[in-house]
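These are my notes from a look through one model.

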Amino acid sequence: MDTRTQATHAAVFTAVTDLILRGGVPAVTLSAVCRAAKLSKGGLMHHFPTKEAMVHAFVSRSCEGCLAQTHQMLADVKPGDGRRTLAFIDSMLREPAMCDSQERRELSAVMIALNQGSFTDIGSRYYETLHRELRNDGIPRAVVNLVLTTIDGLWFQSTCVPVETVEKLARQLRGQLRRIVIDVAKEKQQLLGITS
């Protein structure tokens, strides 16, 4: 993608974020995005022929970006004993990312779009990929689901509570989730030691 196209997409996705945060997916119209991104309708439609294509691209890009960061962060972490799960917890509940207003705004818009749109394909692929990243880490799937659900819940809360509250909750949840993962990994090691 050339620089000009990247700039156009960035302007469009910023407009989509703002519109979704103000009025949900119904607020995203081609005309509203054109006004906000300062594009002609033909220029916008050259990149995104429909509103659905535009919102789909926005949600997909955000999810793919998050998955790419996760994959890169976990690339050198050997699976087992909950190591990858712990690294994921530390990465997702880190500061200042949890309190970065732009990151929170985009994530809020993505969550709203996922809830209001027909993007179950993107959401399903996102969680399937996260589960693959954390598979074979010595942690039961139910604990991985607990970790993912807790982190998603805090990210969602971060859109509507003060930054100080988010920082405090992130620290508390990071500590609690880490304890759960470590305890489950130890318990599994003990069971394997007893039965082998």
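Is Arg178 buried, partly exposed or exposed? I looked up its relative accessible area, which is 25%, so Arg178 is partly exposed. I keep in mind that this is a predicted model.

**Entry: Arg178 and its partner**

I checked what the side chain of Arg178 meets, and found a salt bridge with the side chain of Asp90 at 2.9 Å, N to O. Arg178 belongs to helix H9, residues 163-195, and Asp90 to helix H5, so this pair ties together parts that lie 88 residues apart in sequence. I then looked up Asp90, which has a relative accessibility of 31% and therefore counts as partly exposed.

**Entry: other salt bridges**

I asked how many salt bridges the structure holds. The count is 6.

I looked at Asp121 and Arg125, whose side chains meet in a salt bridge at 3.8 Å, N to O. Both residues sit in helix H7, 4 residues apart, which is about one turn of the helix. The relative accessibility of Asp121 is 34%, so I list Asp121 as partly exposed. Arg125 has 42% and is also listed as partly exposed.

I also looked at Arg83 and Asp81, which form a salt bridge through their side chains at 3.3 Å, N to O. For Arg83 I read a relative accessible area of 34%, hence partly exposed. For Asp81 the value is 37%, again partly exposed.

I turned to cavities next. How many cavities of 30 Å³ or more does a search of the whole structure find? The search finds 1. The volume of the largest cavity is about 30 Å³.

I wrote down its lining: Phe88, Met92, Tyr126, Leu130, Leu148, Ile151 and Asp152. By class, I have 6 nonpolar residues, no polar ones and 1 charged.

Which helix gives the most to this lining? I found that H8 does, with 3 residues. At least two lining residues come from each of helix H5 (83-92), helix H7 (120-134) and helix H8 (141-157).

**Entry: cross-check**

Notes. Residues are numbered from 1 along each chain as its sequence is written. This is a predicted model: local features need pLDDT of at least 70, side-chain atom pairs count only at pLDDT 80 or more; totals for chains, interfaces and linings use all residues. Side-chain values use heavy atoms; hydrogens and water are left out. On a 1 Å grid over the protein atoms alone, a cavity is a set of points where a 1.4 Å probe fits but cannot get out, and a pocket is an open set with protein on both sides within 12 Å along at least five of seven lines; lining residues have an atom within 4 Å of a point. Grid points are joined across faces, edges and corners, and a volume is the space filled by probe spheres set on the points. Ala, Val, Leu, Ile, Met, Phe, Trp, Tyr, Cys and Pro count as nonpolar, Asp, Glu, Lys and Arg as charged, and the others, Gly among them, as polar. A salt bridge is a side-chain nitrogen of Lys or Arg within 4 Å of a carboxyl oxygen of Asp or Glu. Buried means under 20% relative accessible area, exposed over 50%, partly exposed in between (1.4 Å probe, protein chains only).
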